[in-house]
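The structure is shown below for reference.

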Amino acid sequence: MADIPLVPATPDEAGVAPEDMVARYMRPGIMSLGALPPLALYVHLPWCLRKCPYCDFNSHESRGPLPEAEYLAALRADLEAALPLVWGRRVHSVFIGGGTPSLFSPSAIDQLVTDLRMRLPLEPGCEITLEANPGTFERDRFKAFRAAGITRLSIGVQSFDDDKLQALGRVHDAAQAQAAVDEARAHFDTFNLDLMYALPGQSVAQFEADLDRALSFAPPHLSVYHLTVEPNTYFAKFPPAVPDDDTAFEMLDVITARTAAAGLERYEVSAFARPGHRCQHNLNYWQFGDYLGIGAGAHSKLSFPHRVVRQVRYRDPAKYMAQAVAGRAVAKDEEVGRKALPFEFMLNALRLRDGIELLRFTERTGLPVTMIRAALDEAEAKGWITRDPARIEPTERGFDFLNDLQALFL
């Protein structure tokens, strides 16, 4: 069957009415899903103290007091308008990202979590993650977030080296980073540290010291990202001098060796965790689960019996708030075409160290495994995956050439 676009990109002035979306999504379409995948919720809080030169996220420097009450009202209206699309489905995880969500007061976060619980059926023990920046840290702030219902913090440390933090344009220093981690350890059973490598002017020895410092806190979860220069960022206009590829690969070897020695298992390309501390929200992304995104610029991926749909909310916070309270927060919604589904699925699944069951490909896309057989054959011939009739797993070489591996499924 030919690809059938749901609707074209919606003009910015219009918005998409939820009642129109429900009618379109529920009609017969290009596939047949036997069951819907798990559902997660993403909430975007778009403000930060200062835009980092490498950041291409939808984040906006705060200029004066945050419009907390107005934004929470917009999130409530956005969620209520979206409820018919997810009616009867339980939410497995919540992720509050940004921007810098920890700029919001603990009382605002408490109200947000209450609003979500009043409108959505959350699974018992639902993981609720809040992204936090050490530059917004103050004593007992993380304790108050825990009391508000946050179960997991993700702390954007990036480095414990003051020179490297300055080169990255971060608003915190190493002492603030350590204080934030100490506070998180005191009040949270599980938390994540974000670290970056291949930073401007960084040597392997400097990165080793940074990683050892992070591991000395015995974090339950560690995410380690290669600094990349993204389009439309300050670094794209004024590129810094960063380590070459050989040096970056050497740093990656350090990461895999040191994390394993510290008892952290690499379960995804950039994610390492102790037993029982894997990020359930991110696992849902990588397993091609569903997620409803609310907030300025938030993305959604939602499955229906006969189609998979992607949505994008208005990016500008002021416009988003105005459209959300009018019940039209969605700026664009479109159906994922039949030909695009294999790549979209494998783009995520191949990031997982344990691989994925082939049955899940059919469950999540409604397509037969035969659609990806040729690509799997080529990947296996190159030594990038191992497979049996039930599952596939990327090899270490496959992880090293992940972009090329994923591209086989385009």
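## Strand pairing

I356 stands opposite I392, a residue of β17. The model that shows this arrangement is a predicted one. The strands β15 and β17 run antiparallel and are joined by 2 bridges. They belong to an open sheet of 3 strands in the order β15-β17-β16, where the pairing is antiparallel. The edge strands of this sheet are β15 (356-357) and β16, each of which pairs on one side only. Strands of a sheet pair through backbone hydrogen bonds, and the direction may be parallel or antiparallel.

A further antiparallel pair consists of strand β9 (residues 265-268) and strand β10 (residues 271-273), with 3 bridges between them. One of the bridged positions is E265, whose partner in β10 is A273. The two strands β9 and β10 form a hairpin, and 2 residues lie between them.

Which residues of helix α14 (residues 373-381) are buried? They are A375, L376 and A379. Because these residues cover an arc of only 100 degrees around the axis, they lie on the same side of α14. The face turned away from that buried side carries A374 and A381, both exposed.

The cover over the buried residues of α14 includes the helices α12 (341-349), α13 (358-365) and α16 (402-407). The strands β16 (385-387) and β17 (391-394) also contribute to this cover, and both of these strands are members of the open sheet described above. Just after α14, the backbone at G383 adopts a positive phi of about 80 degrees.

## Enclosed cavities

Rolling a probe the size of a water molecule over the atoms shows where empty space is left. How many cavities of 30 Å³ or more does the count give? The count comes to 2. The largest cavity has a volume of about 60 Å³. Its lining comprises 13 residues, and those closest to its centre are M21, A81, G327, A329 and V330. At least two lining residues come from each of α1 (18-25), α2 (68-82) and β13 (307-313). Helix α2 gives the most to this lining, with 3 residues. Sorted by class, the lining of the largest cavity holds 8 nonpolar, 2 polar and 3 charged residues.

For the second largest cavity, the volume is about 30 Å³. The residues that line this second largest cavity are L72, L75, R76, L79, L112, D115, L116 and I294. Two or more of them are supplied by each of the helices α2 and α3 (106-119). The largest share of the lining of the second largest cavity, 4 residues, comes from α2. Its class composition is 6 nonpolar, no polar and 2 charged residues.

L39 is located in strand β1 (residues 39-45). L39 counts as buried because its relative accessibility is 2%, below the 20% limit that defines a buried residue. Not counting residues up to four places away in sequence, L39 touches V86, R89, R90, V91, H92 and S93, as well as N284, D290, Y291, L292 and L302. Between the C-alpha atoms of L39 and L83 the separation is 12 Å, for two residues that are 44 residues apart along the chain.

S303 is part of strand β12 (residues 299-304). With a relative accessible area of 1%, S303 is buried. Beyond its neighbours within four places in sequence, S303 is in contact with L33, L36, P37, R89, D290 and V308.

## A buried loop residue

Is Q202 buried or exposed? Q202 is buried, as its relative accessible area is 5%. This residue is placed in the loop between β7 (190-197) and α7 (204-215). When its neighbours within four places in sequence are set aside, the contacts of Q202 are K164, Y197, F207, D210, P243 and M251.

Technical notes:
Residues are numbered from 1 along each chain as its sequence is written. This is a predicted model: local features need pLDDT of at least 70, side-chain atom pairs count only at pLDDT 80 or more; totals for chains, interfaces and linings use all residues. Side-chain values use heavy atoms; hydrogens and water are left out. Buried means under 20% relative accessible area, exposed over 50%, partly exposed in between (1.4 Å probe, protein chains only). Contact means heavy atoms within 4.5 Å. Two strands pair if DSSP finds at least two bridges between them. The arc is that of the directions from the helix axis to the C-beta atoms. On a 1 Å grid over the protein atoms alone, a cavity is a set of points where a 1.4 Å probe fits but cannot get out, and a pocket is an open set with protein on both sides within 12 Å along at least five of seven lines; lining residues have an atom within 4 Å of a point. Grid points are joined across faces, edges and corners, and a volume is the space filled by probe spheres set on the points. Ala, Val, Leu, Ile, Met, Phe, Trp, Tyr, Cys and Pro count as nonpolar, Asp, Glu, Lys and Arg as charged, and the others, Gly among them, as polar.
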